[in-house]
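Hi,

Here is the structure I promised to pass on to you. Please have a look when you get a moment, and my notes follow below.

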Amino acid sequence: MKIGSVALVLNAHLPFVRQPDYPQFLEERWLFESLSECYLPLLRLFARLEADKIPWKLTMSLSPTLTAMLGDPLLQNRYIAWLSNQQELAVREMERLANDPEHLPLAQMYADLYRQNYEDFTVLHGRNILTAFNFYFKKGRLDLMTSAATHAFLPLYQSLPETVAAQIEAGVVSFRSLFGRSPTGFWLPQLGWYPGLEQMLSAYGLQYTVVTTRSALLGKPSPRYGSYAPVACENGFTCFVRDVESTNAVWSEDTGYPSDPVYREFYRDIGYDLPLDYIGPFIDLKQVRTFTGFKYWAITGHTDNKHLYRPEKAAAKVNEHAENFIYSRRRQLNKASAYMRKQALIVSPFDAELFGHWWYEGVMWLEAVFRNAKNAPDMSFITLAEAYRESGDCCRSVPEFGSWGEDGFAGVWLDKSNDWLYRHTFKLVERMTELADRFPDESGLRERVLNQAARETMLAQSADWPFLLRAGKSGSFARRQIEDAVTNFTRIYEMMCANTVGTEWVTRLEKRNNIFPLINYRVFRSKN
Amino acid sequence: MTIDKLNGLSIDALYTLAEKIGLKLPEGLEPVFVIGELIEAFNEDSNDRRMGGNTAVHVEEKKFSGSELDEIDASMEVAACIECRYNETSLHVLVRDPGWAFVFWDIRDDDDERLQVDNNYSGLFLRVIEDPANPDPLQFDVSVGKHDTSWYIHLPEPDTCYSIELCAKAGSRAISLAPAQKVRTPRALGLDLRLGMDEFSTEMAVLSGLETLEPGITSETHSTRIMDEYGA
């Protein structure tokens with residue numbers, strides 16, 4: 001007898017880091033690393049599972065900023081150049097380690113990884129991996145969700161319904177243009193939810209999302225089945241609930257699987273370990289030490305004396321952890337379904353980039369989970385789209401405002417390190433609404449200018465900027481992204497108020513910040 | 001943050017970094033001592049965040065792999081290159097969590113000039129009214145400086161509506177400067193949550209991990225945990 005299902009959900013997202021004005025840009029590396037260590041290995045995993053007829057099911061959110069970058073020819077070319085650089089580094093490493101039988105196989109491992117990535121990216125996927133995701137989407141193996149246009153943390157903008165609508169609409173339009181159909185699922189950036197959001201999401205034909213357990217348990221009325229069944233808001237919009245136990249098994253840096261001593265150490269990288277005159281040509285600007293992706297050490301424990309990474313030991317551990325994951329989920333489902341007297345559902349959402357990038361063995365672990373699932377016939381993997389279709393009459397409950405941030409609310413995106421930015425993002429929305437109300441019927445150049453103003457308004461709102469400011473990582477980059485967007489918008493605002501448009505400047509800006517080609521500035525018109 | 005990276009910073013940059021993270025250090029310390037204090041503070045901060053159950057966000061940091069520039073970046077004050085005000089009298093309130101809201105405002109220059117010439121003008125305050133729909137609501141005032149433009153306000157009750165207004169004190173009068181903004185604080189986990197649930201729902205909430213979400217519960221530590229971002 002079937003006891004329930006597990007929905008694994010991966011949120012793939014990066015902020016818009018395209019910088020065409022520079023020949024090379026540090027933060028564009030986030031995209032290249034994620035492509036190399038996560039997205040391309042995931043696609044190879046899907047192909048292997050298909051070839052072996054393993055019944056895998058997965059849900060992914062591909063954020064609109066990420067899909068814009070994945071489909072961008074400039075970044076595609078830059079990724080190929082970056083991959084060539086990585087392959088060259090692999091050759092140099094194999095020469096350097098030629099007489100070191102312990103390290104040499106690891107250098108070979110990276111040489112194979114970057115060669116395979118190069119072949120897959122240029123030949124198999126024709127430089128655009130979105131087509132491959134769409135292939136599995138159409139087959140029903142993969143459910144794709146959209147998200148807010150620039151990953152804005154929506155609860156902080158709830159008093160500005162125009163911008164929440166714009167974030168949703170641009171996400172939906174972008175998804176439809178890429179995948180040829182309307183999305184049904186919506187990934188909430190940072191799982192940021194507030195009561196009332198369901199009205200806006202439903203208005204765009206969206207049917208379901210995922211909220212945190214805290215949001216759900218604080219919902220009104222209290223959900224009958226906790227996190228083991230979705231809830232439906234008054235208007236029928238469905239909220240799946242993130243499961244705490246299964247996500248902690250993977251997320252937790254203290255007790256989660258990725259912390260096992262035999263797995264590859266993320267922080268120890270030859271970009272910091274080797275002399276600058278050797279590593280210089282392979283790092284940014286030849287003098288700023290960064291990660292190269294070449295890491296030879298195992299986590300080992302709380303020590304600087306790391307053991308050498310042994311892929312065969314890690315592979316054995318991957319299998320053990322996959323079996324443990326399935327065992328633990330069955331145990332959970334058994335308990336829950338006994339109480340519920342019906343099948344239970346576990347929803348486990350993660351950041352996609354966790355797999356392969358930080359947790360190097362993460363993609364292998366996913367594969368092992370799907371392969372080992374054959375030993376658990378009473379449990380199945382399911383997409384959220386399928387779970388939505390099967391959900392029937394859900395308990396009525398509206399989740400409370402919340403997120404998966406540190407305090408369960410908005411503290412990560414609103415503290416002393418980043419609160420200054422809201423003065424600007426709020427002003428941009430107010431002025432954008434004013435422009436949309438004053439100029440509702442523009443066409444030609446003036447319409448292009450207003451659309452660019454809408455892009456700049458949304459680019460300033462990315463939740464990644466306050467996140468980075470708070471984390472102290474790439475803080476000046478985050479700050480500059482906000483300042484650039486505010487400056488660009490303000491220039492447009494002043495041009496529109498003065499009834500003068502600088503064609504050349506606007507055209508340059510359109511080429512630089514070329515995200516959301518189908519945007520319609522009128523979405524910012526007053527809602528009241 | 002690693003020792004190697006800190007070693008590359010000047011003593012001034014190290015002191016600036018210490019100040020930024022709230023470390024008060026006596027002047028004239030050798031760089032090696034300042035670095036030691038910084039590493040300890042970073043490790044404490046990292047442990048606090050882990051113990052706070054901030055797993056999702058802490059993991060998310062990893063996808064934004066940094067560089068040496070992060071530390072240099074963190075050690076320098078960055079001058080804002082956009083205007084910090086819009087010369088407009090307005091007030092906005094953002095609810096952060098069940099107990100706190102962030103309020104920011106601006107006062108137009110000519111409004112401010114009018115206040116300055118008023119002999120009775122003695123300062124600004126935020127008037128907070130709890131449950132404004134109540135005919136006899138509770139209220140309190142929070143004094144703010146004449147040059148302040150933002151404030152974090154403690155809102156005592158979760159799941160409650162508040163009205164927040166920017167006012168000027170002029171003798172015994174309160175002059176409203178910007179329209180009041182209404183917000184609602186979210187509900188918080190606590191005993192009353194369980195009181196509102198029947199036995200079945202409570203069992204399901206516990207199975208869903210309620211006890212790990214409630215305040216006061218900390219996660220176990222693991223002897224083999226991985227090094228944090230500052231410890232590599």
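Two strands count as paired here if DSSP finds at least two bridges between them. Please keep in mind that this is a predicted model.

By that criterion, strand 1 of chain B pairs with strand 2 of chain B (residues 100-106): 7 bridges join them, and they run antiparallel. One bridge links Ser90(B) to Asp106(B) in strand 2 of chain B. The pair belongs to an open sheet of 3 strands in chain B, in the order 1-2-5, with antiparallel pairing. Strand 1 (90-97) and strand 5 (150-154) of chain B are the edge strands; each has a single partner strand, so one side of each has no neighbour in the sheet. On average, neighbouring strands of this sheet are turned by 25° against each other, direction ignored.

As for chain B as a whole, it has 9 helices and 7 strands. Of its 232 residues, 29% are buried. Among the contacts in chain B between residues at least 6 apart in sequence, 57% join residues at least 24 apart.

Now to chain A, where I looked at strand 1 (residues 4-12) and its partners. Is strand 1 of chain A mostly covered or mostly open? Mostly covered: 9 of its 9 residues are buried. On one side these are Gly4(A), Val6(A), Leu8(A), Leu10(A) and Ala12(A), and on the other Ser5(A), Ala7(A), Val9(A) and Asn11(A).

Which strands does it pair with? Here is what I found:

- Strand 8 of chain A runs parallel to strand 1 of chain A, and 8 bridges join the two. Gly4(A) is opposite Ala344(A), and Ala7(A) has Val347(A) as its bridge partner.
- Strand 9 of chain A (residues 379-381) is also parallel to strand 1 of chain A, with 3 bridges between them. Ser5(A) stands opposite Ser380(A) there.
- Strand 2 of chain A (residues 58-62) pairs with strand 1 of chain A in the parallel sense over 4 bridges, and Leu10(A) stands opposite Met60(A). The chain passes from strand 1 to strand 2 of chain A through helix 1 of chain A (residues 28-51), in a right-handed β-α-β crossover.

Strand 8 of chain A (residues 344-351) is worth a look too. With 8 of its 8 residues buried, it is largely enclosed by the rest of the structure. Ala344(A), Ile346(A), Ser348(A) and Phe350(A) point one way, while Leu345(A), Val347(A), Pro349(A) and Asp351(A) point the other.

Conventions:
Residues are numbered from 1 along each chain as its sequence is written. Chains are lettered from A and ligands numbered from 1 in the order in which they are written. This is a predicted model: local features need pLDDT of at least 70, side-chain atom pairs count only at pLDDT 80 or more; totals for chains, interfaces and linings use all residues. Axes are lines fitted to C-alpha atoms, for helices over the stretch in contact, and angles run from 0 to 180 degrees between N-to-C directions. A residue is buried if 20 or more other C-beta atoms lie within 10 Å of its own, exposed if 12 or fewer, and partly exposed in between; C-beta atoms are placed from the backbone. Two residues are in contact if their C-beta atoms, placed from the backbone, lie within 7 Å. A crossover is right-handed if, with the strands pointing away from the viewer, the path from the first strand over the helix to the second runs clockwise.
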